[in-house]
Amino acid sequence: MDAKEYRDQVAREMAAAKATPAPAVPRGSDAGIDAALKVLADGGAADDARIAALTSLKAAAFASTNLAARRPEYLAALRAAVDSSRGALQHRVVATLAREKDASTQQRLVDGLTDPSRALLPPEEAIPLIGEDVKAGVYPLLRAIVAKPPNDAARVAALRVLAADATSKDVFEKVLRDKGESAEARKVAAAALQSLEPDAFHEHARAMVLDPSETEDMHAASLSALTHFAGDAALAGDDELQKGVDALHARTASPVVKRSARAFLDRVRR
Amino acid sequence: MVAQAVFEAVAPATEGVERVKALVAEVRAHPARRGELVPLLREESAIYRGRSTGETHRMRGWVLLAFADVGLPDDALSFVLEELESGHDAYAVGAAARALRGHPAPSPAFVPFVERALENVRGRDDMLSFEEYGDVGLPGRGTTATRELRATLAWLEAAAVAQATVTTASTAMPTGDCCAPLGRAPARAIPAPRVEAVGSLVLEDHAGRAAPFGEVFRGRPSIVAFFYTRCDNPRKCSLTIAKLARVQRLLAEAGLGGRVRTAAITYDPAYDSPARLRVYAEARGMRLDDDHRMLRAPGGVEPLREAFGLQVGFVGSLVNRHRTELFVLDARARPVFAFARLEWDEEAVVARARWLLAPPGRVAAALRAATSALAGVAIAFFPKCPMCWAAYLGVFGAAAVERVPYAPWLLPVLAGTLLVGLAAAWRRGRRRGSLAGFYLTAGGTFAILALGLGLGVPGAPIAGIVLNAAGALVGSRRSIGP
């Protein structure tokens, strides 16, 4: 989902929430929580009403201390809603449970990756939710998905989750070096490597900056990483890199790359 | 789509779960075998290798639940109290609460642990089912961690009322390492440190400087905690580092900042880069310099796990569960004291480091211990009858045994000495939290005075001598140190 789609979705949800009649009981009170739990778990209620109930419960988690004591009922209502909902409501319910590290939900998401007939969500939506619990032991499964993905979006999603797995450095180096990979996958690999192995990433970034056949996206990303994260010791005295960035700045038609090159040169010549 | 074969290759085997379920069923059928479950509570147990944290909680919880039915042995008590003190998984905490109700001696000292658990699970509770392994609780059926904890508090309250008129001994906290008050884990002396193997292990600090373990820690006592930055339990790693910062302040206030090193070593060296270590420590107020470091073993944590006996399990390179553990090392980089499983007290840790810095105090303590032991042995060998006097004199070559006067006035002296020794054993035992030496000495005194001298039971004085000597030795053991 890109930023525009997300904005549109939030706008739709806000409009739906405004259209929902105000509850008769104050939100966050025990009575308000009771009412919201009942609507959320009720498979016969309208989706908009159930989404509004879920939103109200999530708000209560911040605004009131009452929900903390009612968490078992809240989770039970969410679990009941998983199988009695579809579409946006189901996605939100499953996402909420995954963020609560609910073991049964995590297991169902994993099961759905191996058997699409049991999938609650498409793989590219399920994978980020599986990644909510980094201690779920799913990294081997995600590496298998990167190697043999159901679709490109799922592969990128798997790479994003693997960015927290220190043993996946090799995967990211391979993706980053491969110019045949999608720009999105390479950017995710670059960010992951920067986080897991900064020194190794700076070597790759340097090589990409000096490679005239690299894409503008990767030139900009590499320059930005070197400008903001590389240590002074790594950059000082690297005349070849400075000359390369000078040349890139002079020849590029991309304003983003030009701006990134300028920022880099300002830093090293400061 | 991911091929089923690929998934099967990477999915955790169910064999370990089945083994645990089978053993728990066996123990439920044969409660005398409950001791077989205790090793399954150790984090290093092979059954947790490669398991997710959630599954690890569930397996441990299932083991704990068995103790509710077959009785909770003392050697499993520390695991239960640990779960109550610092656990934050509803299933495991609920199971621990229920397991505690299997303990034969409900103690008021358990109450703070249960109250702490109520705080810990607030906002983390869940609907639970303890009927079958893996069950999910449903409204109206099953239980919650909070409900289990309240039931345990009610059980403790009922037991306290029932025992109010009974001896205090039956409500006292069981003795030993398991049962310190909340937040005050006892220091365990490490009899045979095994760190030679890691002397050359390369460690990297928060500034990226690398040096062998021996070089980092030799020359001065050190306080070393284990942790990792991705720990999501606020009662464990984050608290450990915040408390280590307080230890640093206490050391500085005592003028020991430059004489005792502090360090924290990560369980997760592949992820915890020097930059992450530095930021994590600074955010929790730790002072970082050449003597106070955050460390990782770039080659892996396994040699440290072996050497320190760390209780930590992994899923891939990530920790699935660990206990709280802190060690005090001597100037030869050997761990001398361990504070493990339960939350440790900063002052107690500083006291151990201070003790390592003060050799004269150690000598005095050793002398006190030796004197105490010798006094007990002297009591044991005090001549207690005419025959004893004859035997002693015979042994030492005295002539004319029949002319040796038996001095009856020595009997009150003997009785007095024995009673003084008994009182000393009681005092020493109370101070150390273990009355084993006192009980032995009491048995010995009873055998000598009542059975031997009073009733004339043959062999009783000899048994009394042996018990007195044993009591003296046990009582003086581990009395070195603060």
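**Exercise 1.** How many residue pairs are in polar contact across the interface of chain B and chain A?

*Solution.* This is a predicted model, in which local features need pLDDT of at least 70, side-chain atom pairs count only at pLDDT 80 or more, and totals for chains, interfaces and linings use all residues. Residues are numbered from 1 along each chain as its sequence is written, chains are lettered from A in the order in which they are written, and side-chain values use heavy atoms, with hydrogens and water left out.

Step 1. A polar contact is a pair of N or O atoms within 3.5 Å; within protein, one must be able to donate a hydrogen and the other to accept it, and residues adjacent in sequence count only if both atoms are side-chain atoms.

Step 2. The rule finds 11 such residue pairs between chain B and chain A, both residues at pLDDT 80 or more.

Step 3. Salt bridges (a side-chain nitrogen of Lys or Arg within 4 Å of a carboxyl oxygen of Asp or Glu) number 3 across this interface. One of the salt bridges joins D126(B) to R79(A), with 2.8 Å between the closest N and O atoms.

**Exercise 2.** State how much area chain B and chain A bury between them.

*Solution.* Step 1. Buried area is the accessible area (1.4 Å probe) that two parts lose on being put together, summed over both.

Step 2. For chain B and chain A the value is about 2,600 Å², with 61% on carbon and sulfur atoms.

Step 3. Contact (heavy atoms within 4.5 Å) involves 34 residues from chain A and 30 residues from chain B.

**Exercise 3.** Describe the open sheet of chain B and its edge strands.

*Solution.* Step 1. Strands (E, at least two residues) are DSSP runs, numbered from the N terminus, and two of them pair if DSSP finds at least two bridges between them.

Step 2. In chain B, 8 strands take the order 3-12-11-6-7-8-4-5, with mixed pairing. Strand 3 (187-189) and strand 5 (210-212) of chain B are the edges, each pairing on one side only.

Step 3. Within the sheet, strand 6 (222-227) and strand 11 (325-329) of chain B are antiparallel over 4 bridges; S222(B) stands opposite L329(B).
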